[in-house]
Amino acid sequence: MCAMYMTRLQECESRTTSPTSIETSQIYYSQDEISPWFTQGRRLCDAIEKLVMLSEMHPRESPSELQIRIIRDRSTGKWKSLDNRRLFCYKHAGIKKLSL
C-alpha cells in the first residue's frame with residue numbers, strides 16, 4: 001500500500017510543475033485531521049505564534065521557517081499539501097502567500 005502511494009505521488013509530481021509562490025487559500029489539506037503536535041514535540045499553537053511574530057516583523061517576506069510541499073491532485077486540479085500541520089499554522093497565522 002505504501003509503495004503504491006509513493007509511486008502514485010512520484011507520477012503526480014513528475015507531471016506537474018509546482019509554482020514558485022501560491023496563495024494559502026489555494027492549497028488544500030490532503031487529510032481530514034491533524035495532530036496538535038509536530039513530530040518533534042512542538043505544539044502547533046507555538047508555531048502559529050512564531051509565524052505571526054515573524055510576519056509582523058517582515059510583512060513582505062514569506063516565512064521560510066516551515067517549508068511546505070505541495071502536489072496537484074490530478075482528478076480535481078487542486079493543489080494539496082503534503083505538510084498539513086504546517087499549512088494549518090500558516091493559515092491560522094494569517095499568512096496569505098507562500099514562496100515555495
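A residue is called buried when its relative accessible area is under 20%, exposed when that area is over 50%, and partly exposed in between. The model shown here is predicted.

**First stop: the cysteines**

Select C45. Is this residue buried, exposed or partly exposed? Its relative accessibility is 35%, so C45 counts as partly exposed.

A disulfide is a covalent bond between the sulfur atoms of two cysteines. How many disulfides does a search of the whole structure find? The search finds zero. For C45, the nearest cysteine sulfur is that of C89, 8.8 Å away, and C45 is in no disulfide. Likewise, C89 is in no disulfide, and the sulfur of C45 is the nearest cysteine sulfur to its own. The cut-off explains the result: a disulfide requires two cysteine sulfur atoms within 2.5 Å, and the sulfur of C89 lies 8.8 Å from that of C45.

Select residues 27-29, 70-72 and 79-81. Residues 27-29 are β2 and residues 70-72 are β3, while residues 79-81 are β4. These three strands form an open sheet of mixed pairing, and their order is β2-β4-β3. Which strands stand at the edges? They are β2 and β3; each has a single partner strand, so one side of each has no neighbour in the sheet. From one strand to the next, the twist averages 40°.

Select Y28 and look across to β4, where K80 stands opposite.

With a relative accessibility of 21%, S55 counts as partly exposed. Then select I95. Although S55 and I95 are 40 residues apart in sequence, their C-alpha atoms are 7.4 Å apart in space.

**Last stop: a pocket**

Rolling a probe the size of a water molecule over the atoms shows where empty space is left. Select F38, T39, D83, R85 and R86. Among the 15 residues that line the second largest pocket, these lie nearest its centre. The space in this pocket is about 230 Å³. Which classes of residue make up the lining? There are four nonpolar, six polar and five charged residues.

Note on methods
Residues numbered from 1 in each chain as written. Predicted model: local features only at pLDDT ≥ 70, side-chain atom pairs only at ≥ 80, totals over all residues. Heavy atoms only, no water. Buried < 20%, exposed > 50% of the residue type's maximum accessible area, 1.4 Å probe, protein only. 1 Å grid on protein atoms, 1.4 Å probe; cavity = no way out; pocket = protein on both sides within 12 Å on 5 of 7 lines; lining within 4 Å. Points joined across faces, edges and corners; volume = space filled by probe spheres on them. Nonpolar A, V, L, I, M, F, W, Y, C, P; charged D, E, K, R; others polar. Pairing = 2+ DSSP bridges. Helix = DSSP H or I, 4+ residues; strand = E, 2+ residues; numbered from the N terminus. Axes fitted to C-alpha atoms, helices over the stretch in contact; angles between N-to-C directions.
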